[in-house]
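Subject: Structure handover

Hi there,

Here is the structure I promised to pass on to you. Have a look at it first, and then read on for what turned up in it.

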Amino acid sequence: MPKPLAKYDVIIIGAGPAGYVSAVRCGQLGLKTACIDSLSDKFGRPSLGGAYLNAGCVASMALLESAKLYHALTADLAQHGIRAENIALDVGQMVRRKDQIVAEINSHIAGLFSHHNIDHIHARARLLQSGHVEVVPADGSAPACLTAEHIILATGSAPLELPFAPIDHEYIIDTSDALNLDSVPKRLAIIGAGIKGLEIASIWNRLGSEVILLEAQESFLNLPDQQISREAYAIFTGQGMEMRLGARVISAKKGNQEVMIEYQDHEGSHTLCVDRLIVAIGRKPSSEGLTAPEADLLLDDSGYVHVDENCRTNLPGVYAIGDLTLLGPMLAHKGIEEGVFVAEEIAGLQPMINYDLLPSVIYTEPEIAWVGQTEQTLRGLGEPLKIGVFPFSASSRALAIGRSEGLVKIIAHAETDRILGVHMIGAGASELIAEAVLAMEFSASSEDLARTIHAHPTLSEALYEGALALRKMALHLPMGK
């Protein structure tokens, strides 16, 4: 750990995507910066990147890629005329590969800190009052008090827990544990069929687990457009995932190398026995213990830090970004943009964030992505709409690569033609959504998108064709569509 200075221009508490990006931007702008974070990896080493890197999207994507390869070798190659025999699965190597990727990105972040003269302090930190931070080093050395004119709180979030399903990190596990299993559970249950539950289900389902998702809500995936959610439900159940909606878990207890789950639905009470249970019901802001009581930082009843539209807290010179606030959804790129925003605000620039055009992605297979409003929300507001839909089953590229599931849906204002929302499920949706975000950022109409030439054959043509379908001039839709 570098020897900390007594005073900085900026102190950032938390080194997740919001915190470390903010630190880098502060360093680029010539601000003397310290970034304090207590996270260690499973080997006890300081680890930058927060839960997002170590136990979130990056880690789960790495495992999903391995799972997709295994599934292709064992289930999909025959249709290509390829025969593969004696395929063996080494879950430990999959996890080690994931860990290597995480370590490489961690090293890259550390390199950025060094390049921009940012002090990384591996310690627990607590805001005492405006301008003062108590630091308790992880190496056991004496606590210190650091000061800065500006302090940015960026401690992220942590998984929510259930009192009737206590985590033991062996049989009843959280989403972080689910990315470090050393073998494939024969039967796996997940409480929560939301974003994280589905991402984890996609991994273990492809590796051979019988996956059962227990979702308390009667409906499936409320955040995306309902047409996309219906398509996703059909695709995922077709892949073998079992969705039990309206299933409210009452208790979960470890038995003899298994977990006994009791839940209720509209048909009554049920018992389910599985090898592992994953609790994936969402996340909460990591604000507990972040400040001393005398600091008087304003929090709501759920632990979110109260901020204004410029990420300023009620304390002078103190900001909060990322998952700590309710300014936007718990998305890494939301935190990243806020980190840059606050750094530039401190430096006297005039940054901007458009919260209305934050893309959302679910890293399943196929992926789900969207930006803007849903059809149901817009109809509830009484907006006149026109809608274009293009299925990937009509995409030459999707058919050629054997990934023709899903669709693209474009929603535009019926009178102005301005694009109001784009929603999709399909191959590469996390990449394709960027074009929609760019178009909407520049207030594009569906005609603008329809007149933008796309290479053929490509997956990105689905957006082009969706815009053409909206204008009743689609080129590749099957007859009758």
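Let me start with a proline: P457 lies in the loop between α11 (446–450) and α12. (Helices, H or I of at least four residues, and strands, E of at least two, are DSSP runs numbered from the N terminus.) The peptide bond that leads from H456 into P457 is cis, and its omega is near 0°.

A word on the source before going further. This is a predicted model, in which local features need pLDDT of at least 70 and side-chain atom pairs count only at pLDDT 80 or more, while totals for chains, interfaces and linings use all residues. Residues are numbered from 1 along each chain as its sequence is written, and side-chain values use heavy atoms, with hydrogens and water left out.

The antiparallel sheet

Helix α12 (residues 461–470) packs on a sheet, where it touches β19, β20 (407–413) and β21; contact here means heavy atoms within 4.5 Å. The direction of α12 makes about 135° with that of β19. For such angles, axes are lines fitted to C-alpha atoms, for helices over the stretch in contact, and the angles run from 0 to 180 degrees between N-to-C directions.

The sheet itself is open and has five strands in the order β17-β18-β21-β20-β19, with antiparallel pairing. Two strands pair if DSSP finds at least two bridges between them. β17 (360–362) and β19 (385–391) each have a single partner strand, so one side of each is left without a neighbour in the sheet. From one strand to the next, the twist averages 10°.

Three bridges link β17 to β18 (residues 367–372), and V361 has A369 as its bridge partner in β18. The loop between these two strands holds P366, and the peptide bond from E365 to P366 is cis, with omega near 5°. Helix α10 (residues 429–441) lies across β17, β18 and β21 (419–426), at about 10° to β18.

The parallel sheet

Another open sheet of five strands has the order β7-β14-β8-β9-β10, and its pairing is parallel. Its edge strands are β7 (172–173) and β10 (242–245), each of which pairs on one side only. β9 (residues 210–215) is joined to β10 by four bridges. In β10, L213 has M243 as its bridge partner, and L214 has R244.

β9, helix α6 (residues 226–238) and β10 make a right-handed β-α-β unit: with the strands pointing away from the viewer, the path from the first strand over the helix to the second runs clockwise. Helix α5 (residues 195–206) lies across β8 (187–191), β9, β10 and β14 (276–279), and runs at about 165° to β9.

A pocket to look at

The second largest pocket has a volume of about 540 Å³. (On a 1 Å grid over the protein atoms alone, a pocket is an open set of points where a 1.4 Å probe fits, with protein on both sides within 12 Å along at least five of seven lines; lining residues have an atom within 4 Å of a point. Grid points are joined across faces, edges and corners, and the volume is the space filled by probe spheres set on the points.)

Which residues lie nearest its centre? They are D76, R206, E365, G402 and R403, out of 19 lining residues. α3 (57–76) and α5 are the elements that give two or more residues to this lining, and α3 gives the most, with four.

Best wishes
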